[in-house]
Amino acid sequence: MEPLVQKTLVTGSAEAKSSSRSPVSTGGGLRQYHGRQRLREGLIHAFLAVNGYLAIFLIALIFLFLFKEGFQALKTVQPLQWIGHKTLDFDGREVFRFIWQPLSSTPKYSLMPLLSGSFLVALPATLLSTVIGIGCGVYLAELASPRVRELLKPVVELLAGIPTVVIGFLALSVLASVVQSVFHTQFRLNAFVGALGVSLVIIPVIASMTEDALRAVPNELREASYGLGATRWETLSRVILPAGISGISASILLGMGRALGETMIVLMATGNAAVFTADIFSSVRTMTATIAAELGSAAQGSEVYYALFFVGSVLFTLTFLINLVSEIVVERMRRRLRL
Amino acid sequence: MKLGRNIVGVFFEGLCRGCALLVCVAVLAILGFIFVKGAGSISWDFLSTAPSDGMTHGGIFPAIFGTVAITLLMIVMALPLGVAAAVYLNEYAGRGRGARFIRAAINNLAGVPSIVFGLFGVGFFVLFVGRNLDRVLQTGLLFGQPAMLWAAATLAVLVLPVIIVTTEEALKAVPLSHREAAYGLGATRWQMIRRVVLPQALPGILTGAILSISRGAGETAPILFTGAAYFLPRLPVTKLFGAIPMINPLDQFMELAYHIFIMATQSTNVELTRPIQYGTALVLLALTFTLNLGAILMRIRFRRKLRRA
Amino acid sequence: MNTAPAIAPQPDKIEVQSLDYFYGTEQALFGVSMDIPDKQVTAIIGPSGCGKSTLIKAINRIGEISNDIRIHGDVRLDGASVYGKSVNLVELRRRVGMVFQKPNPFPKSILENVLFGPKLHGVKDRDRLEEIAETSLHKAALWNEVKDKLNKSAMELSGGQQQRLCIARALAVDPEVLLMDEPCSALDPIGTARIEETIEVLKDQYCIVIVTHNMQQAARVSQSTAFFMKGKIIEYDDTEKIFTTPAEKLTEDYITGRFG
Ligand SMILES: Nc1ncnc2c1ncn2[C@@H]1O[C@H](COP(=O)(O)OP(=O)(O)O)[C@@H](O)[C@H]1O
Ligand SMILES: [Mg+2]
């Protein structure tokens, strides 16, 4: 039978001899081809590399650009001004106040109301979603029959797929009225309504990550526990949950990051009053909503414009750190489960 | 003793079951509510005409058109770039420190708030790229203003990590043994990728693409200032060479998600236009759900196939 | 002692010359020298982790696709170094086919699997492709079982059939050498027997190197056998001699099952 491709393998034996003595490393470029094949492989490699670097460049650019613009704000706005400003109260005493009013004649740039607003929404939302999300994840991973799981999982994923503007719309038009009639709140739109809406976004995140974390726990552990006479719940609470705890913690962190970054729901449902408060039934304004509400009227290059980029940088840094920690936690879990 | 153990278990298991039930009820309630309230508004006219009477009557056709147009433009920009980047990262870049760092950065970017992308879109695409294009090309104020092109580019950057991550997952799922087999038969690296890896990864890649489209169609924050318009008396189309109609990427556009936001918060008569709001929400939900359902079904099939392989 | 056993009349197809093989910093082979004759079956036996797979993957250089490796020494095919500067890896792997431990058919049809290699190498003619498919499947003793379902998915075949499909797939690119890394370890006795029959038929046309855990299998199918331990070659001789009167105590201990 004739060979399909006829080519000689090695051209010079002198070359081969010389290589037989020296160590050969195959770290990368040694995968050799010939002629046209080599050209084609090289071109494809180059094309893909360009795309790879372009994507990475774009991603790096977001980071750089945001901070470059945000940094501009630091040139004119003093560090203390980001916290608050001194002013005189009615009795003529000097007081320190936390006000965000970038468009007034003497602009005030206190981030405190925005931070308090963001956390007043994000913390309750995370708390609520943690309880419901973990419960749901545990049910999906350990309790539901395969058929129920096949049905329920898409439902959870569908929830994750609802556009946030729709949730914000429902929070604004329906949920807010319900909350007001139940809790008799002063403001129809407040942090609590926003938190409820945001929960709907992060429950699926926590639920599906919890499920993944629990299902990654090796079956041998379950068998060992059952083998020792533990009930299903004992196995779950003493063996499986502890084994999956890193993944679950990571999901909570990730959910919190999402809650801090959520824009449309809080923009529509929290009332958008930039007040520094710890009252969950007060109208608040988050960092995200501030950017969304004020960027439209900020002229490029103005102080407000840069101040909004500064808020963006703070927000980015916060969520980035939270995501980073969550990633480290997940990585640790992976390593531990492999051991 | 035995009884006590069981009671605790029954209680907590019931709690978990209750949580799952609550989620189901919430999903059904949201969907049902939007459907019941919105179905009355849906008619052929609603879907095919433009808003009228100061946006208190009429349909939402321009918003549907804009949504479809911008997501198409977005995916055209993001998919080739994202897939090629993922192939490069997974098949060529190796597993060194640099590659690991990049992967972590990309993963992390998927969690960056969408409003941050909006900031980036305005500052970078509209004001930096656009204005500089105008200056260099002497086009007055053509590129340097909010437009579908910039909104789509912003969304493209937003979904880029999603596409890269899902594509990489799909590529990783192709077993080493298949790669070895291809190399063992004398395939070059690209032949191996094209004939063995990509075909197997395709459903996974498509799933990521559909999810990205759905994500892009549902996002509002990134387009607030990069190109979405409150109301446009015309569709963002132009005639190429004066004859062939095409989407005009330099025009602004109406969009479903943005339309809901505007109508619910800034319209002159919020209560009067509720039916329009619910109708729009229903259309947006139907659109994203069809896409998500498609993605979910595709992923289930993909996983099943992988399990068999 | 490490030269070809006298039984082989043909010149040596493969020469492994004092080969050291490193995965990163971990050394897996230590100065292995071994001449492998053409047109016969050479078996490699030894406890797991002794470097059997590493050795045969060094021959077609497939070990380096997923690992960062380093070597000293050389491997020669028909007298020419496979680690030479101008070696075309694609061509090398076409000439040196490989069958892996676990059957690894592509999730494609049976026909597409067999023709994967020929299509890679530019065979377009339909008649020619058909002919290649049929001869390859015949050689792998699979033709009769699959001739009516060539367009069915390869994943529907049994494990043994899948492995023979992988053999057919390797044969379809017309290799000169066939490397088999424990090809039967994932198969039941019937599947194993069929593969051994296939090897028996193929051995007159190819240089076959088979790694096996199964001593009886080595004795049944091979003409020469090399015994490895801890990355070193302990004994290499005619199979009959290895299994009846081994020269080394270690070999004797191993084949009589005193360890491993
Ligand atoms: N990819 C790898 N990376 C690092 N070490 C490896 C790798 N593959 C094999 N080894 C090491 O090389 C030695 C020989 O392995 P191998 O050739 O697979 O043995 P065998 O096939 O005889 O069971 C073992 O000690 C193993 O741990
Ligand atoms: Mg092995």
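Reply: A residue is taken as near a molecule or strand if one of its heavy atoms lies within 4 Å of it. By that criterion, ligand 1 is surrounded by Tyr23(C), Glu26(C), Ala28(C), Ser48(C), Gly49(C), Cys50(C), Gly51(C), Lys52(C), Ser53(C), Thr54(C) and Asn67(C). This is a predicted model, in which local features need pLDDT of at least 70 and side-chain atom pairs count only at pLDDT 80 or more, while totals for chains, interfaces and linings use all residues, and side-chain values use heavy atoms, with hydrogens and water left out. Residues are numbered from 1 along each chain as its sequence is written, and chains are lettered from A and ligands numbered from 1 in the order in which they are written.

By class, the shell around ligand 1 holds three nonpolar, six polar and two charged residues, where Ala, Val, Leu, Ile, Met, Phe, Trp, Tyr, Cys and Pro count as nonpolar, Asp, Glu, Lys and Arg as charged, and the others, Gly among them, as polar. Helices (H or I, at least four residues) and strands (E, at least two) are DSSP runs, numbered from the N terminus. In those terms, β2 (26–37) and α1 (52–59) of chain C each supply at least two residues of the shell, and α1(C) gives the most, with three residues.

Some of these neighbours can be followed down to atom pairs. A polar contact is a pair of N or O atoms within 3.5 Å; within protein, one must be able to donate a hydrogen and the other to accept it, and residues adjacent in sequence count only if both atoms are side-chain atoms. At Lys52(C), a polar backbone atom lies 2.9 Å from an oxygen atom of ligand 1, and at Ser53(C) an N or O atom of the side chain is 2.6 Å from an oxygen atom of the ligand. Asn67(C) instead places a polar side-chain atom 2.8 Å from a nitrogen atom of ligand 1. Taken alone, ligand 1 exposes 560 Å², and the protein buries 65% of that, with accessible areas taken from the Shrake-Rupley method with a 1.4 Å probe, and only the protein chains shown counting as cover for residues.

Elsewhere in chain C, Ala141(C) has a positive phi of about 55 degrees although it is not a glycine, and it is found in the loop between α4 (126–139) and α5 (143–146). With a relative accessible area of 29%, Ala141(C) is partly exposed; buried means under 20% relative accessible area, exposed over 50%, and partly exposed in between (1.4 Å probe, protein chains only).

Chain C also takes part in the surroundings of a residue of chain B. Gln191(B), in helix α8 (residues 189–218) of chain B, touches Arg40(A), Glu41(A), Gly186(B), Val196(B) and Leu120(C), not counting residues up to four places away in sequence, where contact means heavy atoms within 4.5 Å. Gln191(B) counts as buried at 9% relative accessibility, and its side chain reaches the backbone nitrogen of Thr188(B) at 2.9 Å. Gln138(B), by contrast, is exposed, with a relative accessible area of 68%; this residue lies in the loop between α5 (114–137) and α6 (148–172) of chain B, and its phi is near 55 degrees, a positive value in a residue other than glycine.

For chain B as a whole, the secondary structure comes to 10 helices and four strands, and 54% of its 309 residues count as buried. Its accessible surface comes to about 13,000 Å², of which 68% belongs to carbon and sulfur atoms.

Chain A has 12 helices and five strands, and buried residues make up 51% of its 339 residues. In helix α7 (residues 219–227) of that chain sits Arg222(A), which is buried, with a relative accessible area of 12%.
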